[in-house]
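Could you look over this structure with me before we take it further? I have put my notes in numbered points.

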Amino acid sequence: MLPDLPELDVSGGLNFKETELTLGLPGEIGRGTSSFIQITAGSSSAKLTGTKRGFSQAAMDLNLGRSFYVEHDGSCCEQSESENEDLSVAKPPAAKAQIVGWPPVRAFRRNVMTKSCNLVKVSMDGAPYLRKVDLEMYDSYQQLLSALEDMFSCPTIPYTYPTRNYLDEKKLMDPTSGVEYVPTYEDKDGDLMLVGDVPWKMFVESCKRLRLIKGSEAIGQLHAPRTPQPSAASCTST
Amino acid sequence: MNYFPDEVLEHVFDFVASHRDRNAVSLVCRLWHRVERLSRQRVFVGNCYALSPQILIARFPGLKSLTLKGKPHFADFNLVPHDWGGYVQPWIEALSNSRIGLEELRLKRMVVSDESLELLSRSFANFKSLVLVSCEGFTTVGLAAIAANCRFLRELDLQENEIDDHSGHWLSCFPDSCTSLISLNFACLKGEINLAALERLVARSPNLRSLRLNRAVPLETLQNILMRAPQLVDLGTGSYVHDPDSETYNKLKHTILKCKSIRNLSGFLEVAPRCLPAIYPICLNLTSLNLSYAAGIHGSELVKLIRHCAKLQRLWILDCIGDKGLEVVASTCKELQELRVFPSDPFGVGHAAVTENGLVAISVGCPKLHSLLYFCQQMTNAALIAVAKNCPNFIRFRLCILDPTKPDPVTMQPLDNGFGAIVQSCKRLRRLSLSGLLTDWVFLYIGMYAEQLEMLSVAFAGDSDKGMLYVLNGCKKLRKLEIRDSPFGNKALLTDVGKYETMRSLWMSSCEVTLGGCKTLAKEMPRLNVEIINEHDQMEIGSDEQRVEKMYLYRTLVGPRKDAPEFVWTL
């Protein structure tokens, strides 16, 4: 156990010689620049006197055993001890109240960083894993759908509903199976919406997640509420 | 030295450039003081409330370049309320009413209004250079005035300011006769820009060396600009997004080959990673690279880019580079002197953060490193000790562990020994920021070893008043001390009150200092302004036993300031 810190005598100055001898475990430390290296060699069992705020104990509780962390989308997940073993980096104690002004990042930078990236998950019916895209990277539906086409390796077929609004409805087709996918998204309210109805910027604001739905299922989910068109019926039968 | 005519002294003083040296010169004797002050052209004022514009003007009639700093450093992190102060208006008014021929104004953390900018633009015929860092309060209307009225403008440099964007019209306000621009940086503007006006401006500025664009400037325009300005030394890209198979991108690739002078590269606020290969040819000669806003470049693309940058001296990056990426930096950038690793997700749980391993790798590979800002997930004493051994040349060492009271995760010990090794080994250390679990011991070490330390930032550290006292007593060159959320109280504050007149300022927030303690200090030291910021109970004075939320004290020649808002109370 390290001795109590010396009292400070302002008029005489700190007696450094005295303190230098007491740095670290007795018998281990020589003077000179290597003193700190020697301290850690044997200090794993040394414990400093507890701090006022008892953080060392709290920190131990937080780093061992279960820890909770918060996903980007706000859901709270529990991580078990066995998962922790695989990680070379200890997961930080999570779900803390955010401290004002911490971490010390300039407000300007903080604002830019939190706004600049709008990553949303993209799922495709039948695909084994999801992808993520950054909606801020694109300026239009066309660009987004081209990127999705790249990602899921299926060409885009432009598809026009004669009675539709200004925007062509896009579908994606998987060339090997001939299955078509309709791009849809989940908005802030959790509703499933067809991609393309609202202006691009509005879409970026409200889109939380993208889903590429298999054509046959899309008919049931999206087209039913609308007034059926004779041409629509023939088109969707393919 | 009376036998030298003044002109000779003046000529000798011309070679004395740094502010500190000139300040020292002026203290030698009255004659030197007079010659020095009459010949001084550049003045640095670290705290705008330490003196008045009138004092400045009276002492330095030959003033040409003025640097002013306003709000305390912790204002960067939203710890200082919005209307605290730091207005430049009285300075510009006073200067414009005088005979000072101001040519350069550099402001940091000050409140600048459009009115101020307008007055500035009209008052000084030879005005050449305006640099605003972390300022606020103005809009593009003020910028338009600068553009329109400063006929010989050479430099307009806007760094990380909060600017209200009313329109991109301000760029068009540079008259056709303005051909003197050397440096233009508007990267922090959020809105649209008149692209045609920008291209024309670049075309008529043959001396343009530094150009930093904002997000609204697309790749096509960048291509056109680089065609006209292949002599650029410093480039900040705007939106770096395009189809890599396009004609425009192809053109860019060829144009960039002509830009052999680019040494500084930044920007990439928006980036399509597949377009990065176009810049590989520039990377070979880069000495400075700032990718700290380039959230769109990660993983293998980032590493590939860095592998091209063997001559890098300064690198600003996001922590998504990871420890492995830092190992690549360490093996590639042997000339590295300054490294800043920013958190890509300041509020998140840091999936892609860096740890002590990345820092140790850097210290092994880059022995010339002297400036560090490192946001990390965790740190160990062993790592800090290794870094201290490998890099004894640190001048600035700022470590920020995202969990502010996290101990060494391997030993569960506080990080006192690690930081102790840093201050012991780095004898030229001037600036230090601490984080992690820390006791009074770290302050003992700092007081003992950090002889050149000028600025110390402390958060959530220490056990008792002793900690703060070790620092105040030991660090003879201390100029700025800022402390938050640490258990230092009146005893620490009041033991050596004379110390504060040797320092620029002291900030203490969420500590144990009470109103009574501050009052005592203010009474004993009339040449200090002791400001209390109480946002919650503005008019309630409360008892002396009450803890003070935020205290900011600084030495001053001019007493309590008259522009303090309601929630700031100068004792």
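1. **Ground rules.** Please keep in mind that this is a predicted model, in which local features need pLDDT of at least 70, side-chain atom pairs count only at pLDDT 80 or more, and totals for chains, interfaces and linings use all residues. Residues are numbered from 1 along each chain as its sequence is written, chains are lettered from A and ligands numbered from 1 in the order in which they are written, and side-chain values use heavy atoms, with hydrogens and water left out.

2. **Chain A in outline.** Of its 238 residues, 34% are buried, where buried means under 20% relative accessible area, exposed over 50% and partly exposed in between, with a 1.4 Å probe and protein chains only. Taking the contacts in chain A between residues at least 6 apart in sequence, 44% join residues at least 24 apart, a contact being heavy atoms within 4.5 Å.

3. **A salt bridge between the chains.** Over all chains the count is 27 salt bridges, each defined as a side-chain nitrogen of Lys or Arg within 4 Å of a carboxyl oxygen of Asp or Glu. Glu160(B) and Arg106(A) form one of them, with their closest N and O atoms 2.6 Å apart. This pair crosses between chains: Glu160(B) sits in the loop between β6 (155-159) and β7 (162-164) of chain B, and Arg106(A) in the loop between α4 (81-85) and α5 (107-116) of chain A. Glu160(B) counts as buried because its relative accessible area is 15%.

4. **Two salt bridges within chain B.** Glu104(B) and Arg42(B) meet at 3.0 Å, N to O. They link distant parts of the chain, strand β3 (residues 104-108) and strand β1 (residues 42-45), and are 62 residues apart. Glu104(B) is buried at 13% relative accessible area, whereas Arg42(B) is partly exposed at 45%. Glu454(B) also forms a salt bridge with Arg479(B), at 2.6 Å between the closest N and O atoms. That pair joins the loop between α17 (440-449) and β20 (455-459) to the loop between α18 (465-474) and β21 (480-484), 25 residues apart. Here Glu454(B) is buried at 11% relative accessibility, and Arg479(B) is partly exposed at 23%.

5. Which residues are joined into one network by salt bridges that share partners? They are Arg106(A), Arg109(A), Asp76(B), Arg109(B) and Glu160(B).

6. **Aromatic pairs.** The whole structure holds 23 aromatic pairs over all chains; rings of Phe, Tyr and Trp (its six-membered ring) pair if their centres lie within 6.5 Å, with planes under 30 degrees apart stacked, over 60 edge-to-face and the rest tilted. Phe74(B) and Trp507(B) are edge-to-face because their planes stand at 80°, with centres 6.0 Å apart. Phe74(B) is in the loop between β2 (65-69) and α5 (89-97) and Trp507(B) in strand β22 (residues 505-509), so the pair ties together parts 433 residues apart in sequence. Both residues are buried. The rings of Trp441(B) and Tyr445(B), by contrast, are tilted, at 45° and 5.9 Å between centres. These two are four residues apart in helix α17 of chain B, so about one helical turn separates them. Trp441(B) is buried at 7% relative accessible area, and Tyr445(B) is buried at 2%.

7. **Cluster and charges over rings.** One aromatic cluster is formed by Tyr49(B), Phe74(B), Phe77(B), Trp84(B), Trp507(B), Tyr552(B) and Tyr554(B). Arg561(B) lies over the face of Tyr49(B), 4.5 Å from the ring centre; the rule asks for NZ of Lys or CZ of Arg within 6 Å of the ring centre and within 35 degrees of the ring normal. Arg109(A) lies over the face of Tyr293(B), at 4.2 Å from the ring centre.

8. **Annotations.** An unreviewed UniProt entry lists "domain: COI1 F-box" for residues 4-41 of chain B; UniProt positions are given in the numbering used here, feature names are shortened, and annotations may be inferred rather than shown by experiment. Residues 4-41 of chain B are 68% helix and 0% strand, with the end C-alpha atoms 22 Å apart.
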